[in-house]
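Please find below a note on the model under review. The points are arranged by region, beginning with the overall picture.

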Amino acid sequence: MLFRSWMISKTDLGIPRVESKWENFATRNGCADGTELFDESCRFGSDAPRFTAVLIGDSTARSASDGVVVAIERLQGEIYISHMSGCSAIFGAELQNCKLLNEKRFKKISERKPDVVILANYQNYIGEEISVTLNKFETIIRYFANTGIPLVVQGQIPECIESISLLKYKFMNNNKCSDLLPMQYKRNTIVSRSKEITFRYSSNEFVDPAEILCPNMSCTALENGSWNFSDSKHLSPSGSRELSP
């Protein structure tokens, strides 16, 4: 209830009710942090699926779950989700619990051969060299290519330092994040190179969230009364659903 205390109704300020920024699909529907892949508590979609997808990653995957599930349901598929905060789906994770979860994730993917894997990891770590980040990414992309399973990668989201408020949105028509997209050099470099690495394999697809969330190089924080970001590093449920198409 503490998180809900700031929400404003249609009659306050004359704008639409703002959706909670924290309640992503996975959390709302009981898919807990650290759940192993193919657990029934993290299965969603059609009861008679035309295909099987999995979504894996860290908290970025959790925040991507709203848009991904919408897309899978529209295509009449089923999806299994496995997310853990601070645990990117990569090889060589430093934390033991993350390392063990990833070993189980990759083993089950190899055994059950889903029709598509959706990968959503946070990449823009402070202090980590771009080359290190990309080496980790290239290794996991090569691994999935060797399994023969098509991969959809959600690229690093743009950073959004919210320099706005509901009052600014209502009275000053200000709904933009403070940093323009061209200023986010590290993020943009990682996305550009990650996209190139992903497309080395013809069965893969890459989604750059900035193409939707940052028209004209300016990222939109608040649109039609709904936040696109839950914080500076994660998409909100409504922001994630913008990527569904």
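1. Basis of the note. The model is predicted, so local features are reported only at pLDDT of at least 70 and side-chain atom pairs only at pLDDT 80 or more, while totals for chains, interfaces and linings use all residues. Residues are numbered from 1 along each chain as its sequence is written, and side-chain values use heavy atoms, with hydrogens and water left out.

2. Overall make-up. The protein has 8 helices and 10 strands; these are DSSP runs numbered from the N terminus, with helices being H or I of at least four residues and strands E of at least two. Of its 245 residues, 51% count as buried. Buried means under 20% relative accessible area, exposed over 50%, and partly exposed in between, with a 1.4 Å probe and protein chains only. Among contacts (heavy atoms within 4.5 Å) between residues at least 6 apart in sequence, 72% join residues at least 24 apart.

3. The largest pocket. About 550 Å³ of space lies in this pocket. Its lining consists of 23 residues, and those closest to its centre are Ala71, Val152, Val207, Leu243 and Ser244. Two or more lining residues come from each of α2, β4 (116-120), β5 (151-154), β6 (205-207) and α7 (210-213), and α2 gives the most, with 6 residues. By class, the lining holds 14 nonpolar, 4 polar and 5 charged residues. Here Ala, Val, Leu, Ile, Met, Phe, Trp, Tyr, Cys and Pro count as nonpolar, Asp, Glu, Lys and Arg as charged, and the others, Gly among them, as polar.

4. How pockets are defined. On a 1 Å grid over the protein atoms alone, a pocket is an open set of points with protein on both sides within 12 Å along at least five of seven lines, and lining residues have an atom within 4 Å of a point. Grid points are joined across faces, edges and corners, and a volume is the space filled by probe spheres set on the points.

5. The second largest pocket. This pocket holds about 400 Å³ of space. It is lined by 22 residues, of which Ser88, Ile90, Tyr125, Glu128 and Lys136 lie nearest its centre. The elements that give two or more residues to this lining are β4, α4 (130-147) and β5, with the largest share, 4 residues, coming from α4. The lining divides into 12 nonpolar, 7 polar and 3 charged residues.

6. Valine 207. Valine 207 belongs to strand β6 and is among the residues closest to the centre of the largest pocket. Is valine 207 buried or partly exposed? Its relative accessible area is 27%, so it counts as partly exposed. The C-alpha atoms of valine 207 and valine 152 are separated by 7.5 Å, although the two residues are 55 apart along the chain. Beyond neighbours within four places in sequence, valine 207 is in contact with Val152, Val153, Gln154 and Gly155.

7. Arginine 62. Arginine 62 sits in helix α2 (residues 59-74). It counts as buried because its relative accessible area is 19%. Its side chain makes a polar contact with the side chain of serine 85 at 2.9 Å. A polar contact is a pair of N or O atoms within 3.5 Å; within protein, one must be able to donate a hydrogen and the other to accept it, and residues adjacent in sequence count only if both atoms are side-chain atoms. Not counting residues up to four places away in sequence, arginine 62 touches Asn24, Ala26, Thr27, Asp33, His83 and Ser85.

8. Helix α6 (residues 185-198) has 14 residues and reaches 20 Å from its first C-alpha to its last, close to the 20 Å expected at 1.5 Å a residue; the expected span is 1.5 Å times one less than the number of residues. Its buried residues are Arg187, Thr189, Ile190, Val191, Ser194, Ile197 and Thr198, and what covers them includes α4, β5, β6 and α7. Glutamine 184 lies in the loop between α5 (166-171) and α6 and is buried, with a relative accessible area of 6%. A polar atom of its side chain lies 2.7 Å from the backbone nitrogen of glutamate 159.

9. Positive phi values. Most residues other than glycine have a negative phi. Asparagine 216 has a positive phi near 60 degrees, and methionine 217 has one of about 70 degrees. Asparagine 216 is exposed, at 77% relative accessible area, whereas methionine 217 is partly exposed, at 43%.

Definitions and conventions:
1 Å grid on protein atoms, 1.4 Å probe; cavity = no way out; pocket = protein on both sides within 12 Å on 5 of 7 lines; lining within 4 Å.
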